Amino acid sequence: MKVVPKPSSEAVRVRMQRTAQRDTPPELALRSALHRLGLRFRVHVRPIRGLLRQADVAFPSARVAVFVDGCFWHGCPLHGTWPKANAEWWRAKIESNRARDADTDRRLKAAGWTVVRVWEHEDPEEAAKRVAGLVGSARDVPAPRRGSSRRSGARRNRRVSARKDR
Ligand SMILES: [Zn+2]
């Protein structure tokens with residue numbers, strides 16, 4: 001594997017750092033928006049066992065996998081920039097990311113998943129609605145809510161009254 005070139009500028013350095021991170025600001029924004037819509041999901045999921053591709057957000061029962069793609073790393077047509085320094089290396093890197101994305105989409109679709117790609121620049125509320133629409137149409141009849149919180153509340157009350165009795 002090629003060695004990553006030294007970042008040529010502060011902006012590039014920040015971008016390089018950011019990509020290694022999970023829970024990027026656009027990911028968190030999307031997750032918050034999904035929560036606000038009342039959706040429950042898992043994060044950092046490998047939809048296919050043994051395949052090293054990780055969805056940022058997944059709805060396993062609905063088989064919907066969501067990837068939040070950074071504009072720089074995934075070559076957004078609106079905001080993708082191509083650094084001048086080490087131009088060839090960056091172009092190869094971004095092109096290979098795109099090829100990998102396309103391959104991931106193919107593999108997941110073949111395994112029965114619906115893949116949603118959200119650009120970093122997209123409005124998280126809009127993206128969340130798009131995801132919710134797909135999850136809603138793919139979801140089976142929702143499982144009955146477990147009354148665990150109510151039960152533990154009752155237990156707490158019992159404990160309180162028992163203490164009072166003493
Ligand atoms: Zn963009």
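**Close-up views of the predicted model**

**View 1. Trp-73 in a loop.** Trp-73 lies in the loop between β3 and α3. The model is a predicted one. Trp-73 has 19 other C-beta atoms within 10 Å. A residue is buried at 20 or more such atoms and exposed at 12 or fewer, so Trp-73 counts as partly exposed. Along the chain, Trp-73 and Arg-98 are 25 residues apart. Their C-alpha atoms are separated by 8.5 Å.

**View 2. Asn-86 and its positive phi.** Asn-86 is another residue of the loop between β3 and α3. Helix α3 covers residues 87-110. Phi of Asn-86 is near 55°. That value is positive, and the residue is not glycine. Asn-86 has 16 other C-beta atoms within 10 Å, so it is partly exposed.

**View 3. His-44 in strand β1.** His-44 is found in strand β1. Its phi is near 55°, a positive value in a residue other than glycine. Is His-44 buried or exposed? His-44 counts as exposed, because it has 12 C-beta neighbours inside 10 Å.

View 4. An open sheet is formed by 4 strands. Their order is β1-β2-β3-β4, and the pairing is mixed. Which strands stand at the edges? They are β1 (42-45) and β4 (114-119). Each has a single partner strand, so one side of each is left without a neighbour in the sheet. From one strand to the next, the twist averages 30°.

**View 5. The pairing of β3 with β4.** Strand β3 spans residues 64-69. It runs parallel to β4, and 6 bridges join the two. In general, strands of a sheet pair through backbone hydrogen bonds, either parallel or antiparallel.

**View 6. The crossing of α2 and α4.** Helix α2 covers residues 25-36, and helix α4 covers residues 124-138. They pack at an angle of about 60°, with their axes 8 Å apart. That angle makes α2 oblique to α4. The crossing is right-handed.

**View 7. Residues between α2 and α4.** Which residues of α2 meet α4? They are Ala-29, Leu-30, Ala-33 and Leu-34. On the α4 side stand Pro-124, Glu-125, Ala-127, Ala-128 and Val-131. By class, this contact has 8 nonpolar residues, no polar ones and 1 charged.

**View 8. The whole chain, for context.** The protein chain has 5 helices and 4 strands. Along the sequence, they follow the pattern α-α-β-β-β-α-β-α-α. How many of the 166 residues count as buried? The share is 18%. Contacts were also sorted by separation in sequence. Among those between residues at least 6 apart, 60% join residues at least 24 apart.

Technical notes: Residues are numbered from 1 along each chain as its sequence is written. This is a predicted model: local features need pLDDT of at least 70, side-chain atom pairs count only at pLDDT 80 or more; totals for chains, interfaces and linings use all residues. Axes are lines fitted to C-alpha atoms, for helices over the stretch in contact, and angles run from 0 to 180 degrees between N-to-C directions. Angles under 35 degrees count as roughly parallel, over 145 as roughly antiparallel, 65 to 115 as roughly perpendicular and the rest as oblique. A crossing is left-handed if the near helix is turned anticlockwise from the far one by less than a right angle, and right-handed if clockwise. Two residues are in contact if their C-beta atoms, placed from the backbone, lie within 7 Å. Ala, Val, Leu, Ile, Met, Phe, Trp, Tyr, Cys and Pro count as nonpolar, Asp, Glu, Lys and Arg as charged, and the others, Gly among them, as polar. Two strands pair if DSSP finds at least two bridges between them.
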